[in-house]
Amino acid sequence: MKPICTSRFDRLIENLSRTAAQRLSRRSFLSHCGTWLVAASAIPLLPVSRQAQASDNPHKPKAAGKFASEFANHAQTTDPTKCNYWRYCSSDGYMCACCGGGPSTCPPGTSPSPTSWVGSCINPDDGKTYLIAYRDCCGQDSCGRCSCLGQEGDMPSYRPQVNNDIVWCFGASSMVYHCSSAGLVGLVE
Amino acid sequence: MTPAIVPSALPGVVAPLTARYGVAMLLWAAASTAQAQNAPATNVPDAITRKTGLHLEPMPRAARLYAENCQGCHGPTGVSVTEIPTLAGRIGYFARTPEGRRYLVQVPNVALNPSSDQDIAELMNWLLNTYSRAELPKDFQPYSTEEVALLRKARIDVAADRRRIVEQLLVLEQIPSADVLATPHSSLY
């Protein structure tokens with residue numbers, strides 16, 4: 001058959017398409033498609049792919065035993081919706097980053113408590129210690145997402161100023177706890 | 001950033017799109033590059049501070065002691081909700097009499113704080129000079145470790161002690177009126 005297309009490239013594509021249409025049945029085409037789909041999904045299982053992912057994975061925990069803090073040894077600095085986010089070393093509750101807010105901001109409809117308790121966490125990327133204000137966001141029912149339990153420096157409730165089981169909504173317009181934020185306060189010398 | 005990468009196998013589909021939206025894509029790429037250049041560099045390796053460009057200076061030791069032990073309730077500026085006594089512009093008055101000076105260290109959350117005598121002395125001197133320098137007596141002598149060690153052993157009747165000291169300051173004309181050291185409830189100290 002004489003090709004319809006005039007451009008050389010289009011003619012090549014046309015020829016390929018026509019040849020394929022004449023030689024291959026639709027069922028054959030579907031079976032080939034299936035094979036490729038299965039093959040493609042299997043690629044991430046191969047060791048090469050996993051190695052590449054591991055070397056560039058931002059959530060990859062750092063080498064164990066590097067810091068004095070057990071939490072920091074497995075912490076990451078990129079995803080505040082994960083419990084191993086470095087600022088959550090002493091945070092107990094639902095993380096605001098999963099509730100429509102950020103790691104240091106309250107979700108809409110809630111207000112930050114004027115009081116908080118201050119802890120310190122090691123940043124696994126630079127190894128420095130930062131002070132973190134654990135401030136509860138109050139005024140709505142419990143968020144219920146991203147329940148994390150960091151207990152570094154946490155003391156029993158008879159030392160309430162350093163206890164993270166207590167709802168820290170003192171002085172807020174409502175004592176109803178929604179989620180916990182972790183704002184940066186300062187860098188320790 | 002490359003605004004448009006045209007896969008060679010799909011020229012018929014992508015080329016018209018590129019032609020139509022190419023200018024918009026270029027503008028978007030330029031804008032995002034400019035935004036990346038405008039964000040100031042942060043010194044905190046963290047997903048959020050990379051966007052906000054937060055820069056934290058190392059904190060003096062005494063400021064860290066305040067942040068970890070007092071700031072959660074008393075606030076970063078020494079002013080908080082009504083339930084928490086204000087420090088800023090007030091505590092210096094107490095240092096005007098020996099009784100008041102003693103009281104500042106014997107307040108339970110100072111005296112019973114887990115920090116060492118040396119840390120408490122450093123914290124109190126920093127606190128008075130940072131938040132209430134104007135109210136300090138001109139001949140104010142900084143607290144020494146030994147003085148703190150001795151003072152914090154005593155257990156006082158806090159609210160009654162405070163009332164008596166405020167009355168004394170008023171009689172000695174060390175405060176303009178009792179209001180400058182007033183608390184919203186008589187049980188507060």
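**Exercise 1. Strand partners in chain A**

Which residue of β4(A) is the bridge partner of Ser111(A)?

Before we start, note that this is a predicted model, where local features need pLDDT of at least 70, side-chain atom pairs count only at pLDDT 80 or more, and totals for chains, interfaces and linings use all residues. Residues are numbered from 1 along each chain as its sequence is written, while chains are lettered from A and ligands numbered from 1 in the order in which they are written.

Solution. 
- Step 1: Get the terms clear. Helices (H or I, at least four residues) and strands (E, at least two) are DSSP runs, numbered from the N terminus. Two strands pair if DSSP finds at least two bridges between them.
- Step 2: Find the strands. Strand β2 (residues 111–112) of chain A pairs with β4(A) in the antiparallel sense, over two bridges.
- Step 3: Read off the partner. Ser111(A) is bridged to Cys138(A) in β4(A).

**Exercise 2. The other neighbours of β4(A)**

Find how β4(A) pairs with β3(A) and with β6(A).

Solution. 
- Step 1: Six bridges link β3(A) and β4(A) in the antiparallel sense; Ile122(A), for instance, has Thr129(A) as its bridge partner in β4(A).
- Step 2: Look at the hairpin of these two strands. Six residues lie between the strands, and Gly127(A) there has a positive phi near 70 degrees.
- Step 3: Turn to β6(A), which runs antiparallel to β4(A) and is joined to it by nine bridges. Tyr134(A) has Ala182(A) as its bridge partner in β6(A).
- Step 4: Check burial (a residue is buried if 20 or more other C-beta atoms, placed from the backbone, lie within 10 Å of its own, exposed if 12 or fewer, and partly exposed in between). Nine of the ten residues of β4(A) are buried, so the strand is largely enclosed by the rest of the structure.

**Exercise 3. Where the chains meet**

How many residues of chain A are in contact with chain B?

Solution. 
- Step 1: Apply the contact rule: C-beta atoms, placed from the backbone, lie within 7 Å. By this rule 26 residues of chain A are in contact with 20 residues of chain B.
- Step 2: Name the elements. On the chain A side, β3 (117–122), β4 (129–138) and β6 (177–188) each give two or more residues. β6(A) gives the most, with five residues.
- Step 3: Look across the boundary. β6(A) pairs in the parallel sense with strand β1 (residues 58–59) of chain B, over two bridges, and Leu187(A) has Pro58(B) as its bridge partner there.

Key. Two residues are in contact if their C-beta atoms, placed from the backbone, lie within 7 Å.
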